[in-house]
Amino acid sequence: MAGGAARSTSSFLLKRSGRVGRVFESQAVRSERAPGHRVRSLALTALLDPSVIHRGRVHARHFRENFAQGGIDLVQIVPELVTNADAAIAAAGRRAGRILLAFEAPDPHFLARWHEELRRVRAPAIADWRYELRCTDDGVGVNASTVDARLGALGVAPDHADQRGLFGRGLRDIWLAQGGGRIEGVRDGRAVESWFFPAAGDAPYAFAHVVDEPASAAHARALGVDESGTRVTVPLALRTLPINARPRRLVAQLIQIRPVLADPQRELWLELPGDAPTLITEPSIEPDAERALLLDEEVAVQPGVTARIVVRRAADPIPLSPSRATRLGGLLILSGRAAHETTLGSYEGAPGARHLYGEVRCEAIEVLQRRALNSPRPQVVVRVDRSGLNEHHPMVQRLRAAVDRALAPIVADEERRASAHVVRTGRALRVRDEVGVRALNDALRSAFDAPGSARVQYQETRARG
Ligand SMILES: Nc1ncnc2c1ncn2[C@@H]1O[C@H](COP(=O)(O)OP(=O)(O)O)[C@@H](O)[C@H]1O
Ligand SMILES: [Mg+2]
């Protein structure tokens with residue numbers, strides 16, 4: 001190592017001195033009016049001669065660790081598949097679309113082929129699984145060339161800015177966190193089936209089109225779509241499937257797919273083993289009869305950024321959820337078609353926030369996310385594992401402060417009303433006590449009048465209770 005370093009330093013010096021004259025000339029002319037810059041530009045140019053730049057290397061396990069952050073859990077997988085399907089329907093330019101999510105056992109024929117082929121090319125892919133999640137949509141579809149272009153590289157910007165659910169390299173995160181996966185589709189008269197799996201070497205992943213041919217009616221029929229569409233398959237690491245009620249509740253409550261559930265132009269069906277597909281609808285919260293809407297206001301977040309905050313009140317305290325990914329209460333933070341997280345700002349867990357729900361719409365989130373991705377210091381607004389907003393981002397902190405300012409008087413009012421209620425209860429108790437004491441006095445008096453009566457004790461206990 002030390003010898004290699006010394007060699008490269010000396011060759012670097014040689015190259016540097018050999019190139020100085022040529023490069024320096026043009027730099028010097030430009031730097032004439034700022035003599036202080038002359039030396040610096042010379043040094044920079046020479047130091048970064050392309051022939052001496054070393055490229056960083058990466059081991060496959062680095063990618064695997066990263067992929068695993070973004071695609072292990074169903075609360076990550078389901079929103080990614082559904083938001084991709086939703087965007088594909090929008091991209092098709094159709095008014096309405098249908099998405100079918102199915103938890104199923106894999107097709108044995110496919111599983112056997114996968115096992116055999118991936119073992120042959122020595123890919124460290126998952127070899128066997130009992131259950132998989134399939135998401136089918138009748139959107140714009142895919143074919144080999146769109147798979148190459150859109151999924152063949154990481155970090156490709158999406159086609160349609162305003163139609164995205166979540167940000168990032170979602171689908172590959174999920175496939176590679178799960179050890180592989182496939183996409184089938186029909187688009188522009190061609191059909192494709194592509195397998196994605198961990199690469200045998202140090203590439204982030206590998207993929208192959210196992211079908212790439214003109215589309216026939218049979219292809220569309222196999223997908224259950226009319227003209228174009230896509231089916232994405234994700235193998236699941238589950239040894240047993242949870243009872244059907246759990247995935248049903250999960251899908252119905254996942255906050256990141258609420259915009260899809262809320263859209264009357266989208267149908268989301270869920271198929272679970274042994275059950276017919278069911279249409280999943282938005283979770284409903286019964287609004288307070290008198291004070292349903294507490295706030296609807298456009299607020300300033302930072303110069304050039306506003307957010308619309310809507311706070312509603314539920315008739316009953318909203319049940320707490322162990323997972324923020326599925327909770328019903330709180331304000332849903334939205335941008336475009338993406339739902340990022342729910343928040344109660346600093347009032348998480350406050351008694352005065354138990355009835356509150358609503359939304360915070362801040363379109364700047366998507367703009368700033370794009371800007372961050374293109375900047376030399378890409379501080380993202382949305383966390384890379386897509387679990388919510390990055391609380392270290394200055395704009396996110398200001399958004400949270402804006403939410404706090406909006407919630408402060410509401411929570412204070414809720415708590416004042418609640419304590420007024422407690423005071424009223426206190427007064428009622430006191431009245432009851434007074435009645436009780438009077439009854440006790442009466443009882444004692446009659447006890448003195450008629451000693452030895454059992455009725456007295458009974459009346460005394462009643463009066464106290
Ligand atoms: N259901 C689908 N139908 C059509 N194209 C899809 C579908 N899912 C994914 N794609 C394509 O793959 C691309 C990459 O998807 P993904 O990795 O989830 O990243 P992103 O959603 O951030 O673009 C999408 O931009 C889209 O072009
Ligand atoms: Mg996506």
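Me: If the expected span of a helix is 1.5 Å times one less than its number of residues, how many residues has helix 3, and how far does it reach from its first C-alpha to its last?

Reply: Before the answer, please keep in mind that this is a predicted model, in which local features need pLDDT of at least 70, side-chain atom pairs count only at pLDDT 80 or more, and totals for chains, interfaces and linings use all residues. Residues are numbered from 1 along each chain as its sequence is written, while chains are lettered from A and ligands numbered from 1 in the order in which they are written. Helices are DSSP runs of H or I with at least four residues, strands are DSSP runs of E with at least two, and both are numbered from the N terminus. Helix 3, residues 60-71, has 12 residues and reaches 17 Å from its first C-alpha to its last, which is close to the 16 Å expected at 1.5 Å a residue. For helix 5, the 13 residues should span 18 Å at 1.5 Å a residue, and the end C-alpha atoms are 18 Å apart, which agrees.

Me: Which residues of helix 3 are buried, and which exposed residues does the face turned away from them carry?

Reply: A residue is called buried if 20 or more other C-beta atoms lie within 10 Å of its own, exposed if 12 or fewer do, and partly exposed in between, with the C-beta atoms placed from the backbone. In helix 3 the buried residues are F63, F67, G70 and G71. Seen down the axis of helix 3, these residues fall within an arc of 75° (the arc of the directions from the helix axis to the C-beta atoms), so they line one face of the helix. The face turned away from that buried side carries the exposed residues R61, H62 and E65. The buried residues of helix 3 pack against helix 4 and helix 7, where a contact is a pair of residues whose C-beta atoms, placed from the backbone, lie within 7 Å.

Me: How should I read a sheet, and what is the order of the strands in the open sheet here?

Reply: Strands of a sheet pair through backbone hydrogen bonds, either parallel or antiparallel. Two strands are taken as paired if DSSP finds at least two bridges between them. The open sheet in this structure has eight strands in the order 5-4-3-6-2-1-7-8, with mixed pairing. Its edge strands are strand 5 (206-214) and strand 8 (278-279), each of which pairs on one side only.

Me: Which strands are joined to strand 6 by bridges, and is strand 6 enclosed or open?

Reply: Strand 2 and strand 6 run antiparallel and are joined by seven bridges, with C135 standing opposite V232 in strand 6. Strand 3 and strand 6 also run antiparallel, joined by five bridges, and here G185 stands opposite T230 in strand 6. Seven of the eight residues of strand 6 are buried, so strand 6 is largely enclosed by the rest of the structure. Strand 3 (181-187) pairs with strand 4 (190-197) too, in the antiparallel sense over seven bridges, and the bridge partner of G185 in strand 4 is V192.

Me: Where does V142 lie, and which residues is V142 in contact with?

Reply: V142 lies in the loop between strand 2 (131-137) and helix 6, and V142 is buried because 29 other C-beta atoms lie within 10 Å. Leaving aside neighbours within four places in sequence, V142 is in contact with V147, I183, G185, R187, V192 and T230. The C-alpha atoms of V142 and S228 are separated by 8.0 Å, although the two residues are 86 residues apart along the chain.

Me: Which residue follows helix 5 with a positive phi, and is that residue, R122, buried or exposed?

Reply: Helix 5 is followed by R122, whose positive phi is near 55°. R122 is found in the loop between helix 5 and strand 2, and R122 counts as exposed because there are 9 C-beta neighbours inside 10 Å. D188, in the loop between strand 3 and strand 4, has a positive phi of about 45° although it is not a glycine.

Me: How many residues surround ligand 1, and which element gives the largest share of them?

Reply: A residue is near a molecule if its C-beta atom, placed from the backbone, lies within 6 Å of it. Around ligand 1 there are 20 residues, the closest being N84, A88, R150, G170 and L171. Two or more residues come from each of helix 4 (74-91), helix 6 (144-151), helix 7 (170-177) and strand 6 (229-236), and helix 4 gives the largest share, four residues.

Key. Contact = placed C-beta atoms within 7 Å. Expected span 1.5 Å × (residues − 1).
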